[in-house]
Amino acid sequence: MAENETKESVPERKTQKPAAPDAVGRPLRGLYGKVNISVKTLNIVIIVLASALILSMAFGIANRGFVVEFDSLGGTAVESQKRMYDELVEEPKAPTREGYVFDGWYLDRETIRPWNMETDVVTGPMTLYAGWRAP
């Protein structure tokens, strides 16, 4: 090799670690070959996650809907309601508060985003807040 010639570097090839063998001695393929835990442990994880999914679905069915709470912000108490997804909220009896006039229900404590009882629907558990104004 001449002095002015440079030796080109050849990138090293990474060799893939062979998959751990199964109980019979065959290399594992698919998901089991890509993770570094035992088949027994992975099966337990899968069973636990599947059970959690089934329990959460059963809980949702048993509850049959979402709870809508009403915070009267200092007014008289208003009873909560259970509603299914995409249902309207029943207009409760308006709360009263000394020195104020009830101004409707809102999605936020600051009473900025009004809730329309005729068109807005339930999409999850929620709290509606009473709006108040001076008479």
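Two strands are said to pair if DSSP finds at least two bridges between them, and strands, like helices, are DSSP runs numbered from the N terminus (E, at least two residues, for strands; H or I, at least four, for helices). In this predicted model, local features need pLDDT of at least 70 and side-chain atom pairs count only at pLDDT 80 or more, while totals for chains, interfaces and linings use all residues. Residues are numbered from 1 along each chain as its sequence is written, and side-chain values use heavy atoms, with hydrogens and water left out.

**Overall make-up**

- The protein chain contains 2 helices and 4 strands, and along the sequence these follow the pattern α-α-β-β-β-β.
- Of its 135 residues, 19% count as buried, where buried means under 20% relative accessible area, exposed means over 50%, and partly exposed lies in between (1.4 Å probe, protein chains only).
- The accessible surface of the protein chain comes to about 11,100 Å², of which 56% belongs to carbon and sulfur atoms, as computed by the Shrake-Rupley method with a 1.4 Å probe.
- Among contacts (heavy atoms within 4.5 Å) between residues at least 6 apart in sequence, 47% join residues at least 24 apart.

- The 4 strands form an open sheet in the order 2-1-4-3, with mixed pairing.
- Strand 2 (81-83) and strand 3 (101-106) stand at the edges and have a single partner strand each, so one side of each is left without a neighbour in the sheet.
- From one strand to the next the twist averages 30 degrees, the axes being lines fitted to C-alpha atoms and the angles running from 0 to 180 degrees between N-to-C directions.
- Strand 1 and strand 4 run parallel and are joined by 4 bridges; valine 68 has methionine 126 in strand 4 as its bridge partner, and aspartate 71 stands opposite tyrosine 129 in strand 4.
- Strand 3 and strand 4 run antiparallel, again with 4 bridges between them, and here valine 101 stands opposite arginine 133 in strand 4.

**The nonpolar core**

- A nonpolar core is a set of buried Ala, Val, Leu, Ile, Met, Phe, Trp, Tyr and Cys residues joined through side-chain atoms within 4.5 Å, and the largest one here has 12 residues, among them Val68, Phe70, Trp105, Met126, Leu128, Ala130 and Trp132.
- The elements that give two or more residues to this core are strand 1 (66-71) and strand 4 (126-133), and the largest share, 4 residues, comes from strand 4.
- Strand 4 is mostly covered, with 6 of its 8 residues buried.
- Leaving aside neighbours within four places in sequence, alanine 130 is in contact with residues including Asp71, Leu73, Phe102 and Trp105.

**Individual residues**

- Arginine 83, in strand 2, is buried with a relative accessible area of 14%, and a polar atom of its side chain lies 3.3 Å from the backbone oxygen of leucine 88.
- Not counting residues up to four places away in sequence, arginine 83 touches Gly65, Phe66, Val68, Leu88, Val89, Glu90 and Val122.
- Most residues other than glycine have a negative phi.
- Leucine 73, in the loop between strand 1 and strand 2, has a positive phi, near 50 degrees, and is partly exposed with a relative accessible area of 21%.
- Aspartate 86, in the loop between strand 2 and strand 3, also has a positive phi, of about 75 degrees, although it is not a glycine.

Note on methods. A polar contact is a pair of N or O atoms within 3.5 Å; within protein, one must be able to donate a hydrogen and the other to accept it, and residues adjacent in sequence count only if both atoms are side-chain atoms.
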